[in-house]
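Please look over the model before reading on.

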Amino acid sequence: MLSDDQLNEIIVEAENVPSRVVPEKTPVNSSFSMVSSISDIDVTDSQSFGNPDDKKSKQLLRFSTSLNESFLQTLHRSPGSVGIDTSHENIQGQKLIASLIPMTSRDRIKAIRNQPRTMEEKRNLKKMVDKEKSKQSHRILELNCCAQCLNSISRAYRRSKNSLSELLSYISLWQKTFKVIGGKFGTSVLSYFNFLRWLLKFNIFSFIVTFSFIIIPQFTVPEKNTLQFTGLEFFTGAGYFQDTVMYYGFYTNSTVQHGSSGAPYNMQLAYIFTTGACLIVCFFSLLFSMARNFRNNFINPHIYSRGITKLIFCWDFTITHERAVKLKQKNLSTEIRENLSEIRQENVKLTLNQQLIHVSAHLAAWVVSTGVAIACCVAVYYLAENNSEFLKNHQNPGAVLLLPFLVSCINLATPRLYSLFRLVERYETPRREVYILLIRNIFLKISIIGILCYYWLNIVAQAGEECWETLIGQEIYRLLLMDFVFSLADSLLGEFLRRLIGMQFPTSLGLQEFDIARNVLELIYAQTLVWIGTFFCPLLPFIQMITLFIMFYVKNISLMMNFQPPSKAWRASQMMTFFIFLLFFPSFTGVLCTLAITIWRLKPSADCGPFRGLPFFIHSIYSWIDTLSKRSGYLWVVWIYQNLIGSVHFFFILTLIVLIITYLYWQITEGRKIMIRLLHEQIINEGKDKMFLIEKLAKLQDMEKRANTSSFSMERRDVEQTSPLHVREHNAAHDLRFRRSVQEENPKV
């Protein structure tokens with residue numbers, strides 16, 4: 001048998017032999033002799049090239065045999081068809097090349113050598129096979145390269161996403177504090193702090209945008225402030241701050257350009273586009289956050305499983321620190337109490353008399369709360385109308401704080417009155433109580449803001465003041481500052497005094513619980529003022545950012561010192577969705593309406609602000625569109641404005657599509673709830689069936705055990721009654737039968 005090296009040397013020498021000239025037409029007899037020689041070669045090959053048991057040798061034999069059969073079929077045709085049949089030869093050649101390509105290099109050389117061809121044809125065949133294989137390998141390599149590139153891109157995207165999420169979770173504000181609050185007070189109190197952090201992110205984004213596109217360009221325009229700083233400006237917002245970048249009236253209406261080669265920067269367009277971009281981003285962020293929370297808390301079915309799987313399988317065994325272990329245990333115990341309390345509350349059923357008493361108490365509370373809200377709104381309205389005359393008669397700088405002071409007093413006292421209604425109403429679930437308090441408080445606060453907006457847009461703006469936009473910005477600044485001061489005083493003094501009183505009279509009062517509804521509405525009220533005032537005071541997001549940062553630490557300290565955990569534990573996973581919904585409607589929608597009236601219906605001041613000299617604020621956009629319409633390269637912007645932004649039909653169709661999608665998702669949610677309820681019932685029924693079958697099996701097993709014990713006792717009695725001699729004879733016969741069977745199976749033994 002030849003070795004592999006010897007075979008390769010023989011093949012190389014055979015290829016180097018010069019080819020002989022083959023006649024164009026070969027007789028049939030010579031062809032038959034050629035076939036016989038081929039078969040002889042195959043036999044010798046099968047004997048010389050390896051063992052027949054080898055897999056490659058078998059494949060080579062099968063290939064040579066198939067080639068011989070195809071060649072014999074070609075020879076057995078009619079003499080006329082033995083000539084040049086190009087189509088058939090092309091098909092056979094393609095098949096031959098296709099069969100040679102998948103082989104290894106050694107098997108391919110052997111197969112080509114066994115071909116009934118001249119050396120020149122074999123070389124050409126080898127070149128063609130190598131060429132096709134290189135093409136396929138190149139094509140496969142390109143596909144592999146594309147696939148590898150896509151895989152590498154997707155892998156890099158996943159890694160970057162994971163690393164970014166880890167980085168954000170690592171640098172996330174107050175992560176450890178949130179775990180402590182959730183472990184001690186539950187998810188209901190934790191939802192307030194989550195909402196506060198979420199609003200803080202909003203204001204950080206708004207401040208970055210306004211500072212980059214409005215405030216920094218204004219710093220490049222030299223403006224001197226001739227007013228003196230006295231310190232009272234921190235409370236009134238007037239005086240020295242009036243001629244700074246804090247208010248609308250300080251900004252220029254000219255185009256900022258540095259040097260002849262610098263690009264012009266239109267302050268009018270920058271001011272209105274920056275404010276609009278902030279509102280648009282806030283709008284879509286609210287929609288996205290609301291949809292995501294709605295999907296996670298209402299649509300996904302895992303919320304209906306009571307979190308049992310999470311409580312059983314969620315322990316993180318990588319936790320080794322003792323404080324972290326205790327905190328994790330507190331979180332788990334709090335979640336268990338919340339789940340058990342909800343299950344217990346669902347099973348509570350009231351009688352008819354109790355239901356009538358509850359309904360009457362709720363109606364009375366709603367009547368009283370509505371009357372109180374209307375009285376507060378009327379008081380704010382008359383106070384706002386007489387505020388201008390009051391300020392004219394009193395030249396004291398602190399007189400401007402009267403309206404914010406009274407509004408803050410109403411916002412502080414009225415929600416506490418609403419909280420006392422729980423003693424009469426006595427809701428079955430704490431979540432329903434929080435929802436009712438939120439609705440009452442939001443009705444009060446949004447009504448007060450609506451009255452103030454009416455006062456600003458119809459009295460202050462129409463009074464003919466020198467710069468009414470700056471006056472409105474100062475009013476909003478004072479309201480925001482006064483609300484912050486009252487919140488600090490309530491947290492540091494009021495809640496502390498309430499704790500002292502509760503400790504002195506534990507039987508009657510005791511420690512207080514954290515009022516989620518009142519604190520959340522304070523955040524919504526302040527954020528609504530910030531959104532309205534951003535147009536008149538661009539630095540309000542920065543002020544709100546500072547106040548929220550301070551309020552978090554103040555509320556956290558007050559929570560740990562002055563409050564006790566809720567007496568009725570309940571899960572607040574759906575509260576965040578409700579908070580965002582209240583922030584979106586009516587808060588954010590009311591802000592959009594107010595700013596739309598300001599931009600489209602009010603005339604700007606003639607002596608201050610970037611829009612001075614225009615009949616309306618929106619005319620800056622109109623003039624810009626007219627300028628772009630004269631340039632051929634910007635006609636697409638004009639078309640978008642005329643057919644999309646400025647078209648009522650587009651917004652009507654868009655609103656209709658949004659409503660249809662919302663309705664479809666609502667129906668999907670209801671269908672999933674019904675399906676989940678039916679599946680829960682099916683699981684319960686299957687459990688009952690299994691218990692029934694288990695009881696039946698247990699009874700059958702007991703019956704079988706009794707029957708077996710009775711039969712065993714009968715046999716034992718029979719055995720005891722037989723004599724010992726009979727037993728010995730029986731054993732001897734059994735031994736004899738065993739020996740005979742062994743001898744039959746093994747005769748040698």
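In which helix does P586 lie? P586 lies in helix α20. Helices here are DSSP runs of H or I with at least four residues, numbered from the N terminus. The bond that joins F585 to P586 is a cis peptide, with omega about 15°.

This is a predicted model, in which local features need pLDDT of at least 70, side-chain atom pairs count only at pLDDT 80 or more, and totals for chains, interfaces and linings use all residues. Residues are numbered from 1 along each chain as its sequence is written, and side-chain values use heavy atoms, with hydrogens and water left out.

**Helix pairs**

Axes are lines fitted to C-alpha atoms over the stretch in contact, and angles run from 0 to 180 degrees between N-to-C directions.

| Helix pair | Axis separation | Angle |
|---|---|---|
| α12 (residues 352-385) and α16 | within 10 Å | roughly 20° |
| α14 (residues 402-419) and α17 (residues 468-504) | 9 Å | about 45° |
| α18 (residues 516-533) and α20 | within 10 Å | roughly 25° |

Angles under 35 degrees count as roughly parallel, over 145 as roughly antiparallel, 65 to 115 as roughly perpendicular, and the rest as oblique. A crossing is right-handed if the near helix is turned clockwise from the far one by less than a right angle, and left-handed if anticlockwise. Contact means heavy atoms within 4.5 Å. Ala, Val, Leu, Ile, Met, Phe, Trp, Tyr, Cys and Pro count as nonpolar, Asp, Glu, Lys and Arg as charged, and the others, Gly among them, as polar.

Take α18 and α20, whose axes cross at roughly 25°. At that angle α18 is roughly parallel to α20. The crossing is right-handed. From α18, the residues in contact include V520, I524 and W531; from α20, they include F579, F588 and L595. This contact has 11 nonpolar residues, four polar and no charged.

Next come α12 and α16, with axes crossing at roughly 20°. That makes α12 roughly parallel to α16. Their crossing is right-handed. Among the contact residues are W366, C376 and Y381 of α12, with F443, L444 and Y455 of α16. The classes here are 18 nonpolar, three polar and two charged.

The pair α14 and α17 packs at about 45°. This places α14 oblique to α17. Again, α14 passes α17 in a right-handed crossing. On α14 the contact includes L403, P404, F405 and R416; on α17 it includes R478, M482, F486 and D490. Nine nonpolar, one polar and five charged residues make up this contact.

**Disulfide**

How many disulfides does the structure hold? The structure holds one, where a disulfide is a pair of cysteine sulfur atoms within 2.5 Å. C467 and C608 form the bond, with sulfur atoms 2.0 Å apart. Its S-S torsion is about 100°, so the disulfide is right-handed. C467 sits in the loop between α16 (430-460) and α17, and C608 in the loop between α20 (575-601) and α21 (619-629). The two cysteines are 141 residues apart and link distant parts of the chain.

**Annotated segments**

An unreviewed UniProt entry places "transmembrane region" features at several stretches, including residues 269-288 and 434-457. UniProt positions follow the numbering used here, feature names are shortened, and annotations may be inferred rather than shown by experiment. Residues 269-288 are 100% helix and 0% strand, with end C-alpha atoms 28 Å apart. Residues 434-457 are 100% helix and 0% strand, with end C-alpha atoms 34 Å apart. Strands are DSSP runs of E with at least two residues.
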